[in-house]
Amino acid sequence: MKEANVILVKLEFLQPYLKDKDISQSQFADAVGVTQSTVNRVMNGKRNPGGKFVSGVLQSFNDLSFDEVFTYGKDLSNE
């Protein structure tokens, strides 16, 4: 099966960013427009961020760029 590239969150950047800004996962979820459980799964590496998550981060946090928060990686779910 062909490997697919997926968008991944750079947790080594996002977790300290949220802590420095004193933003809880619940507040982050509200700002991004997703559920807290979605944020929790993404932050725990159990789910890749979807388009709504990515666009919500970039629209709600103007000081962040795609390259700061996200990267591309291999989709391991099909293996």
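The questions and answers below go through the fold of one chain in a predicted model.

User: How are residues numbered, and what limits apply to this model?
Analyst: Residues are numbered from 1 along each chain as its sequence is written, and side-chain values use heavy atoms, with hydrogens and water left out. In this predicted model local features need pLDDT of at least 70, totals for chains, interfaces and linings use all residues, and side-chain atom pairs count only at pLDDT 80 or more.

User: In what order do the elements of the chain run from the N terminus on?
Analyst: Helices (H or I, at least four residues) and strands (E, at least two) are DSSP runs, numbered from the N terminus. The chain has five helices and two strands. Their order is β-α-α-α-α-α-β.

User: What percentage of the residues in the chain is buried?
Analyst: Buried means under 20% relative accessible area, exposed over 50%, and partly exposed in between, with a 1.4 Å probe and protein chains only. The chain has 79 residues, and the buried share of them is 30%.

User: Which residues of helix H2 are buried, and where do they lie on the helix?
Analyst: H2 spans residues 25-32, and its buried residues are Phe28, Ala29 and Val32. Seen down the axis of H2, they fall within an arc of 100 degrees, so they line one face of the helix; the arc is that of the directions from the helix axis to the C-beta atoms. An α-helix has 3.6 residues a turn, so residues three or four places apart point the same way. The answer is therefore one face of H2, with Phe28, Ala29 and Val32.

User: Which helices are included in what covers the buried residues of H2?
Analyst: Cover is judged by contact, meaning heavy atoms within 4.5 Å. The cover includes helix H1 (11-20), helix H3 (36-43) and helix H4 (51-60).

User: How are H2 and H4 oriented to each other?
Analyst: Axes are lines fitted to C-alpha atoms, for helices over the stretch in contact, and angles run from 0 to 180 degrees between N-to-C directions. The axes of H2 and H4 come within 8 Å and cross at roughly 95 degrees. Angles of 65 to 115 degrees count as roughly perpendicular, under 35 as roughly parallel, over 145 as roughly antiparallel, and the rest as oblique. That makes H2 and H4 roughly perpendicular.

User: Which residues of H4 make the contact with H2?
Analyst: On the H2 side the contact is made by Phe28, Ala31 and Val32. On the H4 side the residues are Lys52, Phe53, Gly56, Val57 and Ser60.

User: Which residues of H4 are buried, and which are exposed on the other side?
Analyst: Phe53, Val54, Gly56 and Val57 are buried in H4. They cover an arc of only 165 degrees around the axis, which puts them on the same side of H4. These buried residues pack against strand E1 (5-9), H2, H3, helix H5 (66-69) and strand E2 (70-74). Exposed on the other side are Gly51, Lys52 and Gln59.

User: What is the phi of aspartate 22?
Analyst: Aspartate 22 lies in the loop between H1 and H2 and is exposed, with a relative accessible area of 66%. Most residues other than glycine have a negative phi. For aspartate 22 phi is positive, near 55 degrees.

User: Is glycine 50 partly exposed or buried, and at what relative accessible area?
Analyst: Glycine 50 is in the loop between H3 and H4. Its C-alpha atom is separated by 9.7 Å from that of threonine 38, 12 residues apart along the chain. Glycine 50 is partly exposed, with a relative accessible area of 34%.
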